[in-house]
Amino acid sequence: MFCLSIIKDKIPIHPQHFSISPEQTITAELNKKYSNRVLHDVGLCICVFDLSEVGEGKVRYGDGFLWYEVTFRMVVFRPFESEVVIARVKSSDEDGIRLTMDFFDDIYIPSIYLPQPSAFDPNERAHFWLPNSPLASTTELLDSPTSERMYIDQGEVMRVRVEQDEFVDDEPGPAKVVEGVVQEKTRGRAPYTVVCSIAEQGLGPVAWWNGAQVVEEGDEGEAMEEG
Amino acid sequence: MEVVNPRSALLSNYEVLTLLRELEADHLTRSKAMQRIKKEEEANGTLVPGHNTTVVETSENLRTVEVEAIQYLGADYLPTSGQTAEGITKMVKALEPYELTKAEKLQIVNLAPTTPVELYVIVEELEDRLGDRMDELTERIQEIQGAPAPVPQVNGIEEPKAEEGVTSWSNPAAEGFGEDEDAAYDEEMFDDAGEGAGVEGDLDVEDD
């Protein structure tokens with residue numbers, strides 16, 4: 001889920017920080033610049049892991065900053081393809097399910113990656129799965145008795161497999177002006193999204209499979225699952 | 001900015017959680033120091049607003065991601081908060097005879113699967129590759145993880161140790177960041193030479 005990326009950068013240090021050790025200030029500056037930001041094709045930066053190489057601080061013409069050339073290692077969130085991760089359901093709609101990991105919530109399960117046959121129940125605002133059902137069309141599925149449906153509710157803990165991830169780098173573009181008033185920028189597409197699947201045995205809400213375990217192994221699994 | 005290597009090594013959830021908790025503790029001591037200095041300056045009448053030379057401020061972004069990631073990794077649906085560096089070392093060693101790939105080992109360490117269903121998802125072609133050793137593997141993982149095992153097995157030295165780790169972690173009091181923790185961190189993070197010591201080092205090796 002997490003990995004280390006080696007990055008090289010030039011970092012300016014303000015003169016007011018000269019009294020503190022450069023290691024501390026450089027790390028702080030790097031964290032300020034990278035933390036909680038998405039690097040294109042790298043992933044979501046969490047924090048600096050360590051500094052591997054720091055050059056001599058140089059003063060350039062024009063400002064009093066000390067510029068350091070730094071090579072450092074960054075802790076980056078980037079689950080690899082086919083990795084199994086745990087996340088909670090944030091919301092559901094007709095197109096699929098959105099998951100959250102608290103610090104990252106652009107994780108989606110499109111409806112094609114849901115276990116079949118499944119459908120979206122607009123009353124409950126949740127997808128459900130009808131295991132071992134011959135029904136196929138959405139209308140038929142929505143007519144099924146509610147007791148047989150296995151709902152994927154909001155907040156449920158899910159085990160999912162990462163299928164692919166996508167980075168988009170949208171240009172900010174010029175500010176939109178309508179009748180002389182500058183419009184507030186709407187949030188564009190998320191810079192980094194992860195697409196996951198639960199269309200496989202053992203994936204989906206963790207509770208589904210814990211339940212199955214109890215049936216399979218009897219009392220052995222039960223004590224654990226209930227705890 | 002230049003990205004030299006986007007993925008030089010893989011990190012286990014435990015390593016990230018330890019690092020973040022350390023940063024958090026660091027931040028707390030620093031903000032306390034900052035407040036103390038402020039008070040002193042106020043008392044002396046030498047306070048210069050917006051001017052601080054002795055303490056580095058933690059950026060807002062780092063705080064956000066730090067708190068949220070700790071919340072996720074420390075959640076009770078992940079085994080991470082109950083893990084110890086020794087436990088993980090032991091786990092990686094125990095996984096050796098099963099000829100798993102690095103990625104599979106990492107996921108086993110991160111998720112600590114205790115049921116065959118969970119293992120089935122992580123390991124490809126589980127039945128063909130492991131056969132009857134599957135149950136043995138889940139048992140060993142359970143044993144090392146020290147998760148609430150169905151039957152308390154007191155047949156090894158590692159069992160009480162793991163339990164100890166669990167209790168010390170589940171207590172989020174100020175004492176939680178004892179010397180114990182720091183020692184574990186040192187071993188895990190900086191001992192790059194010890195291949196078996198951390199998952200990170202272990203994963204550096206080329207996979208075939």
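Residues are numbered from 1 along each chain as its sequence is written, while chains are lettered from A and ligands numbered from 1 in the order in which they are written. The model is predicted, with local features requiring pLDDT of at least 70, side-chain atom pairs counted only at pLDDT 80 or more, and totals for chains, interfaces and linings using all residues; side-chain values use heavy atoms, and hydrogens and water are left out.

Chain A gives 55 residues to the contact and chain B gives 54 residues; contact means heavy atoms within 4.5 Å. About 4,800 Å² is buried between the two chains, 64% of it on carbon and sulfur atoms. Buried area is the accessible area (1.4 Å probe) that two parts lose on being put together, summed over both.

Between chain A and chain B there is 1 salt bridge, defined as a side-chain nitrogen of Lys or Arg within 4 Å of a carboxyl oxygen of Asp or Glu. It joins the side chains of R159(A) and E118(B), at 3.5 Å from N to O.

Several elements of chain A give two or more residues to the side that touches chain B, among them strand 1 (2–13), helix 1 (22–34), strand 12 (157–167) and helix 3 (206–217). Helices (H or I, at least four residues) and strands (E, at least two) are DSSP runs, numbered from the N terminus. Strand 1 of chain A provides the largest share of this side, 8 residues.

Strand 1 of chain A also pairs with strand 1 (residues 2–11) of chain B, in the antiparallel sense, over 6 bridges. Two strands pair if DSSP finds at least two bridges between them. F2(A) has L11(B) as its bridge partner in strand 1 of chain B.

Within chain A, strand 15 (residues 192–197) is mostly covered, with 6 of its 6 residues buried. Buried means under 20% relative accessible area, exposed over 50%, and partly exposed in between (1.4 Å probe, protein chains only). Y192(A), V194(A) and C196(A) point one way from strand 15 of chain A. T193(A), V195(A) and S197(A) point the other way, and all are buried. In a regular strand the side chains alternate between the two faces of the sheet.

Strand 15 of chain A has two pairings to report. Strand 8 (residues 107–110) of chain A runs parallel to strand 15 of chain A and is joined to it by 2 bridges. Here I107(A) has V194(A) as its bridge partner. Strand 12 of chain A pairs with strand 15 of chain A in the antiparallel sense, over 6 bridges. Q164(A) stands opposite V195(A) in strand 15 of chain A.
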